[in-house]
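Student: Can we walk through this one together? I'd like to pick it apart piece by piece.

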Amino acid sequence: MSRPASFPIAHDPLPDLEQKQTALSYLNEAWAEARHEGVDGDCLAQASLFTALAELVSTYGEDAVAKFVEGVPARVRNGEFSLKLAKQ
């Protein structure tokens with residue numbers, strides 16, 4: 001009789017902030033690799049936004065996500081998504 005395949009042991013979920021930092025690290029690595037392979041930044045941004053919105057819709061539904069994105073223009077204008085470059 002054969003033994004069942006071994007699976008990695010599940011770890012306790014990371015705290016929310018740590019999960020977000022880990023996810024951002026993975027995304028930054030994937031983004032850098034895609035740019036290195038010649039993928040345009042605008043294409044990456046649009047694909048990333050589509051994927052993120054599709055995930056949110058599948059999790060929370062279209063109405064909740066529509067309400068969430070209504071606040072995005074003000075957040076963009078407030079600089080929440082602007083990269084602050086340190087002056088040297």
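Tutor: L53 sits at 35% relative accessibility, so it counts as partly exposed (buried is under 20% relative accessible area, exposed over 50%, partly exposed in between, with a 1.4 Å probe and protein chains only). Ground rules: this is a predicted model, where local features need pLDDT of at least 70, side-chain atom pairs count only at pLDDT 80 or more, and totals for chains, interfaces and linings use all residues. Residues are numbered from 1 along each chain as its sequence is written, and side-chain values use heavy atoms, leaving out hydrogens and water.

Student: Which helix is L53 found in?

Tutor: Helices here are DSSP runs (H or I, at least four residues), numbered from the N terminus. By that numbering, L53 belongs to helix α2.

Student: Which residue caps the N-terminal end of α2?

Tutor: Look for a side-chain oxygen 3.0 Å from the backbone nitrogen of D42. That oxygen belongs to D40.

Student: Which residue follows α2?

Tutor: α2 has 20 residues and reaches 28 Å from first C-alpha to last. After it comes a residue with positive phi, near 95°: G61.

Terms used
Helix = DSSP H or I, 4+ residues; strand = E, 2+ residues; numbered from the N terminus. Expected span 1.5 Å × (residues − 1). Polar contact = N/O pair within 3.5 Å; in protein donor to acceptor, adjacent residues only side chain to side chain.
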